Amino acid sequence: MSAVEVHEIRRVFTPRKREPVTALESVSLTIPIGEVHGLLGPNGAGKTTLVKILSTVLLPTGGSARVLGHDVVDEAAAVRPQIGIVFGGERGLYWRLTGRQNLEYWGALYKLSRSEIKHRSAQLIERVGLSERADERVETYSRGMKQRLHLARGLIGDAKVLFLDEPTTGMDPLAAREFRALIGELRGEGRTILLATHDMAEAEALCDRVTLIDRGVILATESPRTLGRVISRFQRIDVEGADDGLLARIAALPGVSSVAPADVGVRIEVAEEGVTSDVLKLLVDSGVTSVRTSLPSLEEVYVQLIGDRGLQV
Amino acid sequence: MRAFRAGVWLELQIIRSSPDTLIPFFTAPLFTIIFLMIVRNGGRHDLQPDALMAPVLMTLWWFALFHGGNLVTGDRWQGVLEWILAAPSSLATVILGRIASIMTIGLVGFFEVWAVGRLMFGVSIPFEHPLALALTLLVTVFAMAGTAVAFAALFVLTRNSYTFANSSSFPFYVLGGVFVPIALLPGWIQPVTKGVFMSWSSDLLRSSLKPAPIDNEWGRLGMVLLLGTLSFLLGRIVLFYVLRRMRTTGELATA
Amino acid sequence: MQHAFRAGIADYRAIWTWRSWVLGWMVRVIAQVSFFGLIGLRVSDERAAFYLLIGNALAVAAQTGVFSLNMTSSERWAGTLPLLVASPTSPVVVFSSRGAYLAVDGALSALGALFIAGPAFGLDLPWPRVLAVIPLTGVVAIASYCFGTFLAGLVFRFREINSLVVLVGYVGLMTVCGVNVPLSYYPAALEWISRFLPLTNGLLAIRGVFEGAPWSTILGDVALEAAVAVGWMTAALLSFNRLASRGRLDGSLDYGA
């Protein structure tokens with residue numbers, strides 16, 4: 001039995017007076033128990049939609065999905081006690097109640113006993129670093145603090161499968177780092193985690209495997225290292241002070257996909273591994289010192305991938 | 001049971017943290033004064049019990065309609081509704097708990113109105129049929145709670161529940177005979193009023209404060225109970241349908 | 001000022017459509033007035049019913065006027081107030097225009113209730129005298145609106161008690177302004193105070209129209225009502241200016257909890 005099995009899930013939204021929107025198209029995915037799985041994609045890719053379907057809050061238009069062996073549509077009641085959901089954002093909390101009160105309410109909704117609620121809330125408040133502000137109204141919390149409270153809430157039910165949607169949004173780098181350590185701990189406890197994010201570095205750091213999704217379609221499911229290799233294929237080199245002759249020679253190198261003027265200087269794009277070092281060598285030998293390399297953003301990678309019609313590893 | 005208790009507890013916390021949920025307790029004394037002034041100025045001291053019961057019912061109705069009715073839409077607005085649905089506890093049971101909490105607090109209005117009558121006008125009305133009074137109040141609260149569940153579900157469907165709620169106060173007071181018994185209303189409207197539980201409740205409550213023996217007490221209590229139960233059922237069905245629809249259209253998060 | 005008025009109407013349209021105004025709001029208003037009319041019948045007779053009908057119909061105008069308090073707070077909440085204060089036009093002028101539609105709405109609602117529920121109860125409408133009720137109702141609506149604007153300044157810093165103040169405000173007016181009982185019923189001190197509130201004097205004028213009182217008496221009461229309107233608007237102006245300058249000092253103009 002897998003933790004999550006998604007089979008040809010389709011989800012179409014039909015907003016009032018507008019054209020129907022396909023948020024997910026034939027999405028299939030399997031997550032084994034105990035895996036930390038990343039769902040990586042830009043805004044609007046369909047990550048949140050998929051997570052909502054898996055957490056039984058949204059019904060799919062087509063296809064099926066199972067969490068821990070239970071169908072999310074027909075056996076939602078069996079799914080719910082076993083999952084935890086961490087959706088970030090400003091909403092989703094009773095803002096006139098305190099952090100502790102919110103957490104205790106959720107504990108009650110997860111059918112914990114009175115003493116369990118008290119004990120676990122206190123523990124989680126400590127764990128997410130909210131001890132000092134736990135008894136103040138949520139409306140006084142910063143974005144990052146609300147995020148941490150969301151995280152605590154997701155953990156109150158001692159879930160076997162956790163769905164996290166952009167959990168570190170709004171967190172300062174220190175808090176985000178602590179959060180990542182927490183994910184490591186949770187994984188050590190044998191929980192399965194689906195982490196939806198647009199932060200590649202986060203996905204690479206935390207996940208066993210990562211699924212790339214864009215515009216409702218899964219592009220690939222790979223380990224982060226593989227992804228990293230793919231992305232490094234598309235490295236860029238920004239150069240200043242290179243003359244036309246040199247640039248022409250660089251453009252002629254196999255594996256160089258473009259040499260074009262940028263805001264400052266010239267941008268050289270490569271499309272194969274190993275080409276970067278050839279280009280750099282050429283530049284350095286010619287005495288060009290103003291050189292900078294960078295990796296493309298996630299969006300740019302997608303553009304390339306879609307242009308390539310899929311991932312070639 | 002835990003879900004019910006969670007709802008009761010949550011609502012108590014919410015009421016404690018938000019003063020404007022208790023608005024009826026501020027307007028009830030004013031309405032009490034208004035109604036008592038009218039009957040006393042008109043030389044009808046025999047109508048003082050009626051003048052006192054009216055604000056009690058109006059208070060309870062406010063809690064059911066405005067507070068109870070907005071439970072689901074309020075949660076959706078706060079972005080909490082989705083997550084409650086995803087939790088193992090039944091949303092309907094939680095809502096029931098919250099409504100039970102609200103209506104019990106609403107009963108405080110009874111004592112408040114009586115105190116105002118006593119302190120400001122020296123009105124002292126003996127409880128001629130205390131058991132009937134207590135039972136009728138309880139059954140009325142039950143029926144109000146049922147109606148609140150129906151409202152909570154229906155308000156999700158209307159685009160502007162605020163205007164709907166606003167429009168449902170006084171028409172209901174008229175049809176429910178909150179002050180003036182429905183027997184005094186024009187004949188053509190009588191059949192409609194029979195379906196409004198309040199018309200039975202208000203008549204019974206007034207009777208329980210008058211010395212004469214109460215006619216068909218159990219039958220009338222039964223009607224309130226029946227109508228209240230029907231409201232509950234209606235509310236439950238509509239809620240089920242509404243939640244299912246929201247899961248399908250994805251409107252759990254926003255309107 | 002024109003723009004502000006149009007903006008106000010646009011806001012209004014967001015809440016009410018023609019249909020919901022007629023079916024929702026007016027049904028409620030007529031029911032409210034009829035509720036009291038029926039009490040009049042129960043307590044005594046038609047005369048009592050008419051007394052309560054007229055009083056409570058005008059109370060609707062007062063109710064809508066007090067609602068204007070909400071508009072100011074939503075302004076603050078939308079974060080537009082700081083912008084307004086910074087603009088060359090006085091905030092009071094803007095608010096007055098923006099909320100003027102409420103005075104119109106109040107007057108229309110009151111007149112609608114009076115001319116529909118009244119005859120339904122058998123109230124005789126003395127033509128053409130009764131036409132005077134229309135402008136008189138307008139004055140009441142404006143006076144209530146000025147009062148509401150003043151209240152808005154009072155609760156500016158305390159958004160949480162908005163609804164509370166609105167409801168206690170208008171039910172309070174229903175209690176002490178001679179809506180349901182004659183002013184003579186009140187203790188002298190209360191009667192004196194009520195003269196300074198909106199609705200009281202205007203209602204006396206309107207009752208005078210129905211009862212055939214001399215025009216000089218009626219005009220005297222209207223003049224008092226108009227004076228009350230000016231008084232509350234002046235108070236509102238002073239209060240807002242103080243708010244604006246204090247707000248500029250301590251930064252309380254911005255929206256927040």
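**Entry 1: helix α1 of chain A**

I began with helix α1 of chain A, residues 47-54, and found that 7 of its 8 residues are buried, so this helix is largely enclosed by the rest of the structure. Here a residue is buried if 20 or more other C-beta atoms lie within 10 Å of its own, exposed if 12 or fewer, and partly exposed in between, the C-beta atoms being placed from the backbone. The buried residues of α1(A) are K47(A), T49(A), L50(A), V51(A), K52(A), I53(A) and L54(A). After α1(A) comes T56(A), which has a positive phi near 70 degrees. For the naming of elements, I noted that helices (H or I, at least four residues) and strands (E, at least two) are DSSP runs, numbered from the N terminus.

I also wrote down how to read the model, which is a predicted one: local features need pLDDT of at least 70, side-chain atom pairs count only at pLDDT 80 or more, and totals for chains, interfaces and linings use all residues. Residues are numbered from 1 along each chain as its sequence is written, while chains are lettered from A and ligands numbered from 1 in the order in which they are written.

Most residues other than glycine have a negative phi, and most peptide bonds are trans. With that in mind I looked up L68(A), a residue other than glycine whose phi is positive, near 50 degrees; L68(A) sits in the loop between β4 (62-67) and β5 (70-71) of chain A. Is L68(A) buried, exposed or partly exposed? With 18 other C-beta atoms within 10 Å, L68(A) is partly exposed.

E166(A) also has a positive phi, near 45 degrees, without being a glycine, and its place is the loop between β7 (161-165) and α6 (173-188) of chain A. E166(A) counts as buried, because it has 21 C-beta neighbours inside 10 Å.

I then turned to strand pairs, where two strands pair if DSSP finds at least two bridges between them. Strands β9 (residues 209-214) and β10 (residues 217-222) of chain A run antiparallel and are joined by 5 bridges, with I213(A) opposite I218(A) in β10(A). Their hairpin has 2 residues between the strands, and R215(A) takes a positive phi near 50 degrees there.

Strands β12 (residues 256-261) and β13 (residues 266-270) of chain A are likewise antiparallel, over 5 bridges, and P261(A) has V266(A) in β13(A) as its bridge partner. This hairpin has 4 residues between β12(A) and β13(A), and G265(A) in the turn has a positive phi of about 75 degrees.

**Entry 2: chain B as a whole**

I counted 13 helices and 0 strands in chain B. The radius of gyration of chain B is 19 Å, close to the 18 Å that the globule rule gives for 255 residues, so chain B is as compact as a globular protein of that length; the radius is taken over C-alpha atoms, and the rule is 2.2 Å times the number of residues to the power 0.38. Buried residues make up 51% of the 255 residues in chain B.

For confidence I used pLDDT, the predictor's confidence in each residue, from 0 to 100. Chain B averages 90, and 98% of the residues score at least 70; the lowest mean in chain B is 76, in α9(B), and the highest is 96, in α2(B).

**Entry 3: where chain B touches chain C**

How many residues of chain B are in contact with chain C? I found 29 residues of chain B in contact with 31 residues of chain C, two residues being in contact if their C-beta atoms, placed from the backbone, lie within 7 Å. On the chain B side, the elements that give two or more residues are α2 (24-41), α9 (161-167) and α10 (170-175), and α2(B) gives the most, with 10 residues.

**Entry 4: chain C**

Chain C has 10 helices and 0 strands, and 47% of its 257 residues count as buried. I picked out L114(C), which lies in helix α5 (residues 91-120) of chain C and counts as buried, with 28 C-beta neighbours inside 10 Å. Leaving aside neighbours within four places in sequence, L114(C) is in contact with I54(C) and A57(C). The C-alpha atoms of L114(C) and I30(C) are separated by 8.2 Å, although these residues are 84 residues apart along the chain.
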